Amino acid sequence: MRILLIASAYNGLCQRVHVELVDRGYEVSITLSLGDDAVRKAIALFQPDLIICPFLKEKLPEDVWREHLCIILHPGIMGDRGPSSLDWAIMRQESEWGVTALKAVEEMDAGDIWSTLNFPMREATKASLYRREVTRAAVQAILTTIDRFASKAYTPEPLDYSREDVRGELRPLMKQDVRAIDWSTDTVATIIRKINAADSAPGVLDMLYGEEYFLYGAHAEDVLRGRRPGEVIAQRHGAICRAAVDGAVWISHLRKRDTPEKQPFLKRLIQSRKTPTFKLPAAMLLGDKLAVIKESPIDLPYMGKEQTYCEIWYEESNKVGYLHFNFHNGAMGTEQCQRLQQAYLAVRSRDIKVLVLMGGTDFWSNGIHLNWIEAADDPARESWRNINAIDDVVREIITTDSLLTVSAIAGSAGAGGVMMTLAADQVWARKGVILNPHYKTMGLYGSEYWTYLLPKRVGPGRALELTETPLPLGMKKAKAIGLVDEVLPEETGAYQAEVRKMAEALAASSDYQELLEKKRAQRAHDEAIKPLESYRAAELQHMRANFAGQFYGGDVNYHEARYNFVHKIRPKETACYLAQHLKLDFARLSELRQPLAY
Ligand code: COA
């Protein structure tokens with residue numbers, strides 16, 4: 001079956017659907033919805049049997065949904081309609097939510113229902129729910145829809161609000177007046193809920209030091225208290241802590257509101273040069289305004305039980321240590337890498353036999369911090385500091401010879417973050433994880449000792465294939481090619497239980513000492529053949545050139561690619577490695593060409 005995916009962006013959900021469909025042998029092509037004609041052209045060239053829109057913000061052209069069956073994936077329960085589905089579900093404290101696959105029709109989300117699936121809600125940000133529960137249910141709903149479509153015997157159900165099981169309703173776009181925090185009355189729980197419902201976009205608009213910012217990354221605080229609700233009472237590692245009527249809440253990130261369109265262009269330009277309008281750690285954006293606010297210290301890693309803001313924390317049981325590093329969006333800035341290195345060294349010397357690198361909840365790691373770099377006075381210099389800081393962490397993991405290490409990947413990982421997972425002795429991943437083991441879309445050669453780690457696991461040919469074609473990798477293929485050792489259950493509770501069971505079994509295994517000896521011997525052998533530092537030196541030579549503005553293969557310039565990524569500038573066309581239909585276009589073109597006369 002030929003399936004065309006139409007999406008607003010090739011986001012995590014779209015990547016996952018793509019991988020799952022290819023794994024099942026479907027012929028898949030993708031087009032971004034970059035105008036009606038691009039969509040029509042993709043359909044004309046690919047001639048799909050079915051069109052699926054896993055993440056679509058734009059309207060499909062009428063002739064397209066009238067002439068083809070187009071399935072829209074809506075992140076809401078049956079009957080739910082509108083553009084702020086999850087936002088309302090969080091705000092209204094729904095205990096259960098869902099996804100629905102429905103036919104595209106004139107009215108938004110009102111078409112016949114092909115499949116629907118519910119899941120229990122979790123206290124988390126909208127983006128986190130989307131990346132885990134919604135994505136998992138969406139894949140199931142899409143696969144069921146495809147089976148039903150293929151059977152030719154299934155009649156989709158019309159939306160019927162008189163049915164008892166149709167609980168959803170049409171809800172409007174959630175505006176900032178609904179999201180607004182009233183610091184004089186809102187409790188910590190309400191503030192966190194409001195920010196969660198708007199995180200990662202659009203954020204909750206609020207005032208700080210007389211200026212407008214969108215708030216992101218809310219965390220409860222158990223100990224610190226302030227007198228005036230809303231006032232900033234502490235800062236830590238870039239986050240700010242604000243007093244509330246019944247406690248205090250940390251806010252990790254802010255985004256400055258764009259200067260309104262009605263302001264003169266020059267004023268807007270000057271303003272955007274002065275203050276970046278993309279997401280940054282709160283303290284980085286507020287700068288001098290926080291001069292009198294004290295940095296609130298915390299142990300590194302944090303091992304306490306109180307709720308507070310900590311990116312790096314540690315737990316231990318039965319000779320196994322678990323090091324969590326939950327960096328916002330998986331991006332690891334220079335100082336974050338330095339803190340991680342410090343925490344890693346501290347826990348490595350404890351009386352444990354296995355150290356599990358847990359990464360973060362939604363992402364294990366996405367490599368260097370592109371937003372911090374973009375905001376730096378000298379982005380090339382900051383890129384250099386950042387890549388060296390992350391390399392230092394990776395080196396410590398590779399050269400650990402006192403215990404066994406495991407990377408346990410619950411969230412997805414990209415670029416240097418994937419290479420960093422490979423530094424551990426074993427790599428275990430949750431089913432459903434998506435890895436992007438390449439740097440090419442960012443115009444980088446890459447470092448993190450990837451030239452040592454990747455070929456060692458998958459062989460040089462496969463290493464080249466993975467890094468040269470910037471495609472996402474699902475766990476089925478990752479296991480088959482040896483990039484990961486074990487694939488664990490997708491459901492979070494079952495995944496966590498399995499990680500602990502396996503790590504404790506490894507620590508208690510009768511061949512533990514033998515495994516440790518083997519690892520030491522292998523490292524010594526590898527070092528004798530080629531010192532670890534020469535891999536790094538060669539990689540960094542390429543990276544230095546990239547940071548200086550030189551292109552790495554293809555036509556992607558790092559500074560331009562980073563600017564576009566951070567400012568969320570959409571590509572002008574769908575990348576050719578996704579748009580299979582464009583390959584058909586070329587093939588047909590060459591078929592039609594006249595033979596060359598010699
Ligand atoms: N630095 C800063 N922010 C990053 C980041 C990075 N390295 N990687 C991801 N993010 C942010 C995104 O801007 C986005 O922010 P927002 O949701 O708060 O607006 C969020 O993380 C999620 O990323 P998104 O791209 O929407 O997720 P995805 O699942 O669709 O795609 C990746 C995942 C890894 C393919 C993609 O995020 C990516 O290409 N990241 C850059 C990787 C990279 O080149 N790193 C530098 C070289 S080591």
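Mentor: Let's start with a rule: a residue counts as near a molecule if one of its heavy atoms lies within 4 Å of it. Keep in mind that this is a predicted model.

Trainee: Thanks! Which of the residues around the ligand come nearest?

Mentor: The shell holds 25 residues, and Lys-279, Asn-329, Ile-368, Leu-370 and Lys-568 are the nearest of them.

Trainee: How much of the ligand does the protein bury?

Mentor: On its own the ligand exposes 870 Å², and the protein buries 85% of that.

Trainee: Which helices each supply at least two residues of the shell?

Mentor: Helix H1 (12-23) and helix H11 (370-375) do. By kind, the residues of the shell split into 12 polar, 9 nonpolar and 4 charged.

Trainee: On to the rings. How many aromatic pairs are there?

Mentor: The count is 9.

Trainee: Why is the pair of Phe-547 and Tyr-558 called tilted?

Mentor: First, the ring centres are 5.3 Å apart, and the limit for a pair is 6.5 Å, so they do pair. Next, the planes stand at 50 degrees. Stacked needs under 30 degrees and edge-to-face over 60, so tilted is what remains.

Trainee: What parts does the pair tie together?

Mentor: Phe-547 belongs to helix H19 (residues 532-547) and Tyr-558 to helix H20 (residues 558-566), so the pair links parts 11 residues apart in sequence. Phe-547 and Tyr-558 are both buried, so each has under 20% relative accessible area. Elsewhere, Trp-114, Phe-149 and Tyr-154 make up one aromatic cluster.

Trainee: Now the open sheet. What is the order of its 3 strands?

Mentor: The order is S16-S18-S20, with parallel pairing.

Trainee: Why do strand S16 and strand S20 stand at the edges?

Mentor: S16 (363-365) and S20 (435-436) each have a single partner strand, so one side of each has no neighbour in the sheet.

Trainee: And how do you know that S16 and S18 pair?

Mentor: DSSP must find at least two bridges. Ser-365, for example, has Ala-413 in S18 as its bridge partner.

Key:
Residues are numbered from 1 along each chain as its sequence is written. This is a predicted model: local features need pLDDT of at least 70, side-chain atom pairs count only at pLDDT 80 or more; totals for chains, interfaces and linings use all residues. Side-chain values use heavy atoms; hydrogens and water are left out. Helices (H or I, at least four residues) and strands (E, at least two) are DSSP runs, numbered from the N terminus. Accessible areas come from the Shrake-Rupley method with a 1.4 Å probe; for residues, only the protein chains shown count as cover. Ala, Val, Leu, Ile, Met, Phe, Trp, Tyr, Cys and Pro count as nonpolar, Asp, Glu, Lys and Arg as charged, and the others, Gly among them, as polar. Rings of Phe, Tyr and Trp (its six-membered ring) pair if their centres lie within 6.5 Å; planes under 30 degrees apart count as stacked, over 60 as edge-to-face and the rest as tilted. Buried means under 20% relative accessible area, exposed over 50%, partly exposed in between (1.4 Å probe, protein chains only).
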